[in-house]
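Please study the sequence and the structure before reading each solution.

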2 protein chains.
Amino acid sequence: MNIDTQTPTPRGPGRPRQSESEKADVRERLLDAATELAVEQGFEACGLREIATRAEVSPAMISYYFGDRDGLYEAMFGRAFERISEKVAAVMADPLRSGRDRIDDLVAIQVKAIAADPWLPKLVMREVLARNGSPMQEFVSNAVAKGPLQMMVDWIEQEQERHEIRSDYDPRMLAMTIASLTGFPFLMLPLVGDRLGLELDDEFPDRLIAHNQKLLSNALRAHTEEE
Amino acid sequence: MNIDTQTPTPRGPGRPRQSESEKADVRERLLDAATELAVEQGFEACGLREIATRAEVSPAMISYYFGDRDGLYEAMFGRAFERISEKVAAVMADPLRSGRDRIDDLVAIQVKAIAADPWLPKLVMREVLARNGSPMQEFVSNAVAKGPLQMMVDWIEQEQERHEIRSDYDPRMLAMTIASLTGFPFLMLPLVGDRLGLELDDEFPDRLIAHNQKLLSNALRAHTEEE
DNA sequence: GAATTAATCAAACGTTTGATTAATTTTAGC
DNA sequence: GCTAAAATTAATCAAACGTTTGATTAATTC
């Protein structure tokens, strides 16, 4: 496609004519390419030449815009985490009201947040597992534990006091349970989905939401057998 | 320590005298070193020189025993999965009897299997995320999906026919739920445990088992409201 | 219209990588 | 005791890596 406005890419040296059709910033294209490749094969595994090739620029551009390899890495993660931070901030802004069915909302929000950017948790998980003791871990630890996770713990404690949730659960364990139920399937499915007859298609998030809502609703209710 | 029986490691070429004190097979030492380093920093990130140095042999030994890098990689995973396979086989040999409380055994076995080798799921998860479309994914996919996961699915279907488990769950989703509840916390805890007041200590596996048993027991029971 | 800056590339740099080779020594079989 | 095989190392290889350099040209400023 669009062969007419672009030369067939054997481009010569010199500053190219600006705004020839509409192409994104080189800097932005490099970040996109780096992110894509990092999701596909891990950042450590892909060379700068590969990144530059996908961005359709020369490797020297990486030095030019980011200094060195680490600079590109940090810039890439910085941009990725901006999206997470925005989502966390949005959820925190609408604090969880009381009511047992409110947990349905919680599950739905969480699953949809992950499904919207399925590459992000994958990338985070990988890099966190990969770099032991890196500043990235501190970063993630803050973003996840202090954010949605702590929020869930607080809310669960509230609901237990109001007898909306069985009080014989450890709130922290329960928060981790919810995180597990919503996050882990997205990591597992590409691996075992085929052999299990499940696919990570458009319908899967809704199916996961429904399943988790049913399960948690049955598990958490404090009505049938208390007081 | 033991400086007396070993030369201070500037060893010359040629076959070394056998049973000089008692040192393990070079092959085995290489596999140990590769596993350790793979857990610490990921297999892709560590060079053959580093592995050989830790095993206290020359890099050429890797070629000698494993052919090439991929050979070492496969041998390493093969050895690691033997342990898992043994455990799976043991569980399969004692087929899950019927009865609702039997799910308690299932959860306990799974958590204890992971807790016994906490580095294995970490390594598997990382390598699976890292190598997209590699033969290793096929390998893991077979070991995990065809093994414990499929076994759980079959068992759940049985129990649903016997009305021991609510029949309005998708067995495959339920199997994934159990895998999530038992596996994910081990990946999350090192990251968010501190900030949550939970630690991955000796007591944690038992705590996780108890929590999951309670949760699943409440969620799965088919008695209180059906027939 | 001359001088300067910004953006880009091709080519080359020195380093490190996975892999191979040749030499060396012990062990085992005859 | 000789010989062939096994096991190991030092030294080396080509290829790939991240990075730097010098040249080149569009755009901007004066």
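**Exercise 1.** Is the crossing of α5(B) and α9(B) left-handed or right-handed?

*Solution.* The model under study is a predicted one. In it, α5(B) and α9(B) cross in the right-handed sense.

**Exercise 2.** Determine how the directions of α5(B) and α9(B) are related, and describe their contact.

*Solution.* Step 1: α5 of chain B covers residues 102-116 and α9 of chain B covers residues 204-220; their axes come within 9 Å and cross at roughly 150 degrees. Step 2: angles over 145 degrees count as roughly antiparallel, so α5(B) is roughly antiparallel to α9(B). Step 3: on the side of α5(B), the contact is formed by B:I103, B:D104, B:V107, B:A108, B:V111, B:K112 and B:A115. Their partners in α9(B) are B:P205, B:L208, B:I209, B:N212, B:Q213, B:L216 and B:L220. Step 4: by type, the residues of this contact comprise 10 nonpolar, two polar and two charged.

**Exercise 3.** Compare the span of α1(A) with its expected value.

*Solution.* Step 1: α1(A), residues 26-41, has 16 residues. Step 2: from first C-alpha to last, α1(A) reaches 22 Å, close to the 22 Å expected at 1.5 Å a residue. Step 3: after α1(A) comes A:G42, with a positive phi near 90 degrees.

Conventions
Residues are numbered from 1 along each chain as its sequence is written. Chains are lettered from A and ligands numbered from 1 in the order in which they are written. This is a predicted model: local features need pLDDT of at least 70, side-chain atom pairs count only at pLDDT 80 or more; totals for chains, interfaces and linings use all residues. Side-chain values use heavy atoms; hydrogens and water are left out. Axes are lines fitted to C-alpha atoms, for helices over the stretch in contact, and angles run from 0 to 180 degrees between N-to-C directions. Helices (H or I, at least four residues) and strands (E, at least two) are DSSP runs, numbered from the N terminus. Angles under 35 degrees count as roughly parallel, over 145 as roughly antiparallel, 65 to 115 as roughly perpendicular and the rest as oblique. A crossing is left-handed if the near helix is turned anticlockwise from the far one by less than a right angle, and right-handed if clockwise. Contact means heavy atoms within 4.5 Å. Ala, Val, Leu, Ile, Met, Phe, Trp, Tyr, Cys and Pro count as nonpolar, Asp, Glu, Lys and Arg as charged, and the others, Gly among them, as polar. The expected span of a helix is 1.5 Å times one less than its number of residues.
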